[in-house]
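Please read it with the coordinates open.

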Amino acid sequence: MSKEPIYSINVSDMERRIIIKSLTLLKDRQIQENKKYDFIDDLILKACDASPVKCKRGYEER
């Protein structure tokens, strides 16, 4: 049995807040449609508890 890969993304504080807000809106929609939403709670907690990473600020290509 193989483990699932773990992914890490670097986002700014503003992007992190947008992700959390989007997940909250998705959770609200799931509740309205009487669907499961506990997995969304887990994602929201992970996003809220994520610690900042110290990195060098340099040129960033997007």
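1. The model under review is a predicted one. Its protein chain contains two helices and zero strands, and 10% of the 62 residues count as buried. The accessible surface of the chain comes to about 6500 Å², of which carbon and sulfur atoms account for 55%.

2. Helix 1 has 20 residues, and the distance from its first C-alpha to its last is 29 Å, close to the 28 Å expected at 1.5 Å a residue. The buried residues Ile20, Leu23 and Gln30 belong to this helix; because they cover an arc of only 80 degrees around the axis, they sit on the same side of helix 1. The face turned away from that buried side carries Lys21 and Gln32, both exposed.

3. Helix 2, with 12 residues, should span 16 Å at 1.5 Å a residue, and this agrees with the 17 Å that separates its end C-alpha atoms. Here the buried residues are Ile40, Ile44 and Ala47, and their arc of only 65 degrees around the axis means that they lie on the same side of helix 2. Leu45, Lys46 and Asp49 are exposed on the face of helix 2 turned away from its buried side.

4. What do the buried residues of each helix pack against? Those of helix 1 pack against helix 2, residues 38-49, and those of helix 2 pack against helix 1. After helix 1 comes Asn34, whose phi is positive, near 55 degrees.

5. Gln30 deserves a separate look. This residue of helix 1 (residues 13-32) has a relative accessible area of 13%, and it therefore counts as buried, the cut-off being under 20%. Leaving aside neighbours within four places in sequence, Gln30 is in contact with Lys35, Lys36, Tyr37, Phe39 and Ile40. Ile40, one of these contacts, is itself among the buried residues of helix 2.

6. On the surface, Ile9, Val11 and Ile19 form a nonpolar patch, with about 250 Å² of accessible area together. Ile9 is placed in the segment before helix 1, and its relative accessibility of 63% is why it counts as exposed.

7. Side chains of opposite charge can pair when their charged atoms come close. The structure holds four salt bridges, and one of them joins the side chains of Lys27 and Asp41, at 2.8 Å from N to O. This pair links distant parts of the chain, with Lys27 in helix 1 and Asp41 in helix 2, 14 residues apart. Asp41 is partly exposed, at a relative accessible area of 25%.

8. Within helix 1, Asp13 and Arg16 lie three residues apart, about one turn of the helix, and their side chains meet in a salt bridge at 3.3 Å from N to O. Both partners are partly exposed: Asp13 has a relative accessible area of 43%, while the value for Arg16 is 24%.

9. A further salt bridge pairs Glu33 with Lys35, their closest N and O atoms being 3.2 Å apart. Glu33 is partly exposed at 41% relative accessibility, and Lys35 is partly exposed at 44%. As for shared partners, salt bridges join Asp13, Arg16 and Arg17 into one network.

How values were computed. Residues numbered from 1 in each chain as written. Predicted model: local features only at pLDDT ≥ 70, side-chain atom pairs only at ≥ 80, totals over all residues. Heavy atoms only, no water. Helix = DSSP H or I, 4+ residues; strand = E, 2+ residues; numbered from the N terminus. Buried < 20%, exposed > 50% of the residue type's maximum accessible area, 1.4 Å probe, protein only. Contact = heavy atoms within 4.5 Å. Expected span 1.5 Å × (residues − 1). Arc of directions from axis to C-beta. Areas by Shrake-Rupley, 256 points an atom, 1.4 Å probe, with all protein chains shown as cover. Patch = residues over 30% accessible without salt bridge, like charges linked within 9 Å, V, L, I, M, F, W, Y side chains within 5 Å.
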